[in-house]
Amino acid sequence: MGRPGLNRRQLLAGLGGLTVAGSFGFAALGTGADALASSASTRVRYWNLFSGGDGYNMIAMLDSFRKEHPGIDVKDSTLQWGSPFYTKLAMAAAGSRAPDLGVMHLGRVTGFSPGRLLDPWDVGLLAKYGVKEADFNHPALWKRAVIDGKLYALPLDIHVQLCFYRKDVLKRAGLLGDDGRIVPVTSTDEWFDVLKKAKKATKKGLQTIGMWASDQNFQWWFFVAFYTQLGGTWFNAGNTEVTFDTDKATQVLEFMRRHITDGYSNPGFAGGAGAEQFINGSPFCWEGNWSVPVFSGAKVEYGATPLPPVFGKQATHAESHSFVLPHQAERGGAANEGAHQLAAYVVRHARQWAAGGHIPAYTPTLSTAAYKKLSPQNEYVSAMDHQATEPKVWFAGSTGILAQRVGPIVVSSMLGSAKPEAAARRMKGMLTELLASKNPMDGKTAAQGGAVA
């Protein structure tokens with residue numbers, strides 16, 4: 001199907017700076033039932049990258065599918081998250097060893113050479129199993145998955161960066177409204193006023209806000225959110241020109257850096273220390289929605305909102321886990337239909353997935369009484385209406401080349417090793433370089449990548 005595949009040597013050479021070491025080993029997270037001999041008439045091989053709570057929720061949904069569809073034997077394997085997963089998936093698709101079904105972040109689909117390493121979905125077959133475009137909770141979500149007029153990804157969720165807050169601390173600081181939620185914030189001055197008051201109500205030894213100051217992925221995600229709030233753009237419609245606004249970028253970088261210079265965030269706390277401090281009484285933490293089970297399990301009295309609209313427009317960084325069909329030279333038959341059926345089932349039965357913090361992509365799930373009772377999910381579900389996403393180019397997407405190249409520049413400004421103005425200029429230079437570079441998957445620049453919806 002589509003263009004001829006890449007061989008293993010070409011793919012390894014083209015992947016260049018991507019992490020390949022360790023990508024060949026993976027651990028299966030199955031419940032054990034999938035490892036036993038099965039009398040099912042159809043077998044569906046499924047690769048995913050879900051670990052921790054997400055992994056257990058996915059396993060529960062797969063077990064429900066198995067129970068309701070004994071004729072389909074699902075062989076699920078969980079691979080290492082990040083570049084190792086994408087490397088292994090690409091090599092499997094190029095080497096005629098691809099699984100029947102896979103998972104990708106929606107932002108990575110454009111760079112995965114649709115038509116060469118990914119096969120398009122049969123929308124008629126999806127509709128047969130109860131999933132169609134009209135069922136998705138935001139019009140842009142489905143369209144992001146369409147390339148050259150064909151659907152290459154089936155969105156499962158929207159996962160977003162959130163502002164978690166401790167209700168007990170904010171209550172002491174007078175920052176809770178009558179509804180028990182944080183007072184509205186609509187400007188940078190209001191936000192830093194909130195932080196100032198919260199700091200006074202915080203126990204000694206705790207920072208006011210945890211925000212992953214030295215992490216290139218998180219800092220990039222936060223930058224995308226606030227740059228989008230300012231109405232910033234990346235490239236023109238044809239992906240032939242960089243439209244990145246260094247003045248707006250500088251404004252965002254100065255805002256982010258101020259959290260450290262004003263003493264609200266401690267850059268010495270690495271990685272997940274912000275979440276640990278939040279559990280111990282720190283009033284704020286900027287984290288992904290996947291932290292909901294962690295904070296709820298810790299019995300913390302907390303709430304969660306999209307990142308504050310400090311520049312006047314709501315926008316919070318968002319990505320989506322999506323099902324994909326890794327390229328198979330002879331795709332079709334019972335296994336292919338089983339892959340469509342399995343993906344459609346999980347999308348339609350994602351209530352348990354929502355309990356893990358993710359916003360379901362399937363609209364009917366959002367309207368159920370069970371979902372509306374989920375807290376704090378019911379507080380931040382509106383984030384799906386103002387998603388700040390990376391540009392739709394081959395080098396973008398979760399942990400992709402864009403984050404690898406530009407994320408460290410954002411961190412350099414955040415930690416003070418580069419001034420915001422200089423960092424903004426470096427970001428534009430890197431965007432210019434990436435726009436002119438060729439996708440190792442197919443040898444095309446972003447401008448040559450074909451029409452995208």
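## Nonpolar cores

In this predicted model, the largest nonpolar core holds 80 residues, and the members that touch the most others are Leu154, Phe323 and Ile359. Leucine 154 has contacts well beyond its sequence neighbours within four places: among them are Trp121, Leu126, Val131, Phe136 and Trp142, as well as His321, Ser322, Phe323, Ala343, Ala344 and Val347.

## Largest pocket

The volume of the largest pocket is about 650 Å³. Its lining consists of 31 residues, and those nearest the centre are Trp234, Thr389, Glu390, Pro391 and Lys392. By type, the lining has 13 nonpolar, twelve polar and six charged residues.

Helix H5 (139-144) and strand E15 (387-388) each contribute at least two lining residues. H5 gives the largest share, four residues.

## Second largest pocket

The second largest pocket has a volume of about 530 Å³. It is lined by 26 residues, with Ser51, Asp54, Trp81, Trp290 and His321 closest to its centre. His321 is also one of the contacts of leucine 154.

Two or more lining residues come from each of helix H2 (52-68), strand E8 (157-166), helix H8 (216-229), helix H11 (292-297) and strand E12 (316-319). The lining of this pocket divides into nine nonpolar, 13 polar and four charged residues.

## Helix H9

Helix H9 covers residues 246-261, 16 residues in total.

The buried residues of H9 are Ala249, Thr250, Val252, Leu253, Phe255, Met256, His259 and Ile260. They are covered by elements that include helix H7 (188-200), strand E9 (209-210), H8, strand E10 (284-288), helix H17 (401-414) and helix H18 (420-436).

## Backbone exceptions

Most residues other than glycine have a negative phi, and most peptide bonds are trans. The bond from serine 375 to proline 376 is cis, with omega near 10 degrees. Proline 376 sits in the loop between helix H15 (369-372) and helix H16 (377-380).

Two residues other than glycine have a positive phi: serine 96, near 60 degrees, and aspartate 148, near 50 degrees. Serine 96 belongs to the loop between helix H3 (83-94) and strand E3 (102-105); its relative accessible area is 63%, so serine 96 is exposed. Aspartate 148 is in the loop between strand E5 (146-147) and strand E6 (150-151), and at 48% relative accessibility aspartate 148 is partly exposed.

Key. Residues are numbered from 1 along each chain as its sequence is written. This is a predicted model: local features need pLDDT of at least 70, side-chain atom pairs count only at pLDDT 80 or more; totals for chains, interfaces and linings use all residues. Side-chain values use heavy atoms; hydrogens and water are left out. A nonpolar core is a set of buried Ala, Val, Leu, Ile, Met, Phe, Trp, Tyr and Cys residues joined through side-chain atoms within 4.5 Å. Buried means under 20% relative accessible area, exposed over 50%, partly exposed in between (1.4 Å probe, protein chains only). Contact means heavy atoms within 4.5 Å. On a 1 Å grid over the protein atoms alone, a cavity is a set of points where a 1.4 Å probe fits but cannot get out, and a pocket is an open set with protein on both sides within 12 Å along at least five of seven lines; lining residues have an atom within 4 Å of a point. Grid points are joined across faces, edges and corners, and a volume is the space filled by probe spheres set on the points. Ala, Val, Leu, Ile, Met, Phe, Trp, Tyr, Cys and Pro count as nonpolar, Asp, Glu, Lys and Arg as charged, and the others, Gly among them, as polar. The expected span of a helix is 1.5 Å times one less than its number of residues.
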